[in-house]
Amino acid sequence: MIDRDRCLALDAADPLRAFREEFVLPEGVIYLVGNSLGALPRRAADRVRRAVEQEWGGQLVGGWNQAGWYDQPLALGDRIAPLIGAGPGEVVVGNSTSIAIYQAVAAALRLRPDRRVIVSDARNFPTDHYVVQGLAGLLGGYEIRDAAEGRFDDAAVVLLSEVDYRTGARADVPAVTARAHEAGALMVWDLCHSVGAMPVDVSAADFAVGCTYKYLNAGPGAPAFLYVSPRHHATAENVLQGWHGHAAPFAFETGYRPAEGIRRFAVGTPHVLSSAALDAALEIWERVPMDLLRAKSMALTSLFVDLVGDLLELVSPADAEARGSQVSLRHPDGYPVMRALIDRGVHGDFRAPDILRFGFAPLYIRYVDVHDAAATLREVLDKELWRDERYAQRLAVT
Ligand SMILES: *Cc1c(COP(=O)(O)O)cnc(C)c1O
């Protein structure tokens, strides 16, 4: 079995090792939750301070023009585009992923007015499913079909995640997109657990959404993004008609006229301060070779599986190619096990009813971190340290 010295040697030879210096990582913490909230980029703290003190404090309302606040949703979208296989003018930033899902699915339904089936994965992240249920309830007459049935026929839209948040299983995006199109459906991809974790290409899809606070490291409350294929720019409608999606927001007209292109999917005032953190986080991504990122991600998750695979049932796919950048393990007392790990500096998270999740953000997680996390997990289980009654009490956020 691979030992600690070998892991240190792998870190020394890692072509991505310098990226770790870009992040603030507390002493004594092995942070394996970058798939839930990415670590703080050092430059984000400086950038947010500048946005607050110089832009807001110094320019006041003039910041909309002088600091480019007004153009942020499209300018930031253009910088996310290369990470998802999109081009300029195809991605808009704003709101939350839940709202972007609502916009994408509603627009898809309006593009397929003769169809009444929405295919969604009941095991998907619940917000995706809740949004679809709400939309179907509002419109009436729609059937929500579970993707597990495997039938796309008659579907207006298929909504799936590229990487499953619970198991880390990775979907075959080109194959599934092609299948949806063959069935006459439109394809919406949720990229929350794949963007920033691996090379992504949704250029064949119709819509895609994702958050920026997970692997992209833009911070808590950072805005989401929405991709709309240029095929649909002239015809797709934004059901959330707000003034920032209007053709002339500052004409203050009474009637809604959609803007041209991706801008029509903007809704209201952009999230200026959290966009400042996203701006800084994206400066890092401009320098990341995504093929090396994926290679390291697969090496990290494979190492963890090798080190702990004998201890617990592996919920994630055994083949690294079929995984995202996370490893999920099953334990009937998963909650106290995770609390015991966190108490010892190894931060993962727990997903009900029995899953321990470990995310490996390749920009700042080292091979030695994987080694040490595995050793701590082994100790917690071997010595049954999780049985301490302190770990049984549930906190509000797991
Ligand atoms: C994290 C996540 C979301 C988050 O939605 P928000 O509205 O941004 O809170 C949505 N979908 C998936 C698959 C996720 O993993």
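**Notebook: annotated sites and the sheet**

Leaving aside residues up to four places away in sequence, I found that T127 touches S98 and I101. I note that the model I am reading is predicted. I located T127 in helix 6, which covers residues 126-139. Its relative accessibility is 19%, so T127 counts as buried, because buried means under 20%.

I then looked up the record. The unreviewed UniProt entry carries the annotation "binding site" for T97, S98, F125, P126, T127, D128, D190, H193, Y213, W243 and T269. These residues are spread over 173 residues of sequence, and in space they lie up to 30.7 Å apart between C-alpha atoms. Which of this set belong to the lining of the largest pocket? I found T97, S98, F125, T127, D128, D190, H193 and Y213 there.

Is T97 buried or exposed? With 8% relative accessibility, T97 counts as buried. Its contacts, not counting residues up to four places away in sequence, are D190, C192, V209, G210, C211 and A224.

I recorded an open sheet of 7 strands in the order 4-10-9-8-7-5-6, with mixed pairing. Strand 4 (91-93) and strand 6 (143-146) are the edge strands, and each pairs on one side only. On average, neighbouring strands are turned by 20 degrees against each other, direction ignored. Strand 7 (residues 155-161) and strand 8 (residues 186-190) run parallel and are joined by 5 bridges. I identified L186 in strand 8 as the bridge partner of V157. Helix 7 (residues 173-182) packs on the sheet and touches strand 7 and strand 8; the direction of helix 7 makes about 150 degrees with that of strand 8.

Terms used:
Residues are numbered from 1 along each chain as its sequence is written. This is a predicted model: local features need pLDDT of at least 70, side-chain atom pairs count only at pLDDT 80 or more; totals for chains, interfaces and linings use all residues. Side-chain values use heavy atoms; hydrogens and water are left out. UniProt positions are given in the numbering used here, feature names are shortened, and annotations may be inferred rather than shown by experiment. On a 1 Å grid over the protein atoms alone, a cavity is a set of points where a 1.4 Å probe fits but cannot get out, and a pocket is an open set with protein on both sides within 12 Å along at least five of seven lines; lining residues have an atom within 4 Å of a point. Buried means under 20% relative accessible area, exposed over 50%, partly exposed in between (1.4 Å probe, protein chains only). Contact means heavy atoms within 4.5 Å. Helices (H or I, at least four residues) and strands (E, at least two) are DSSP runs, numbered from the N terminus. Two strands pair if DSSP finds at least two bridges between them. Axes are lines fitted to C-alpha atoms, for helices over the stretch in contact, and angles run from 0 to 180 degrees between N-to-C directions.
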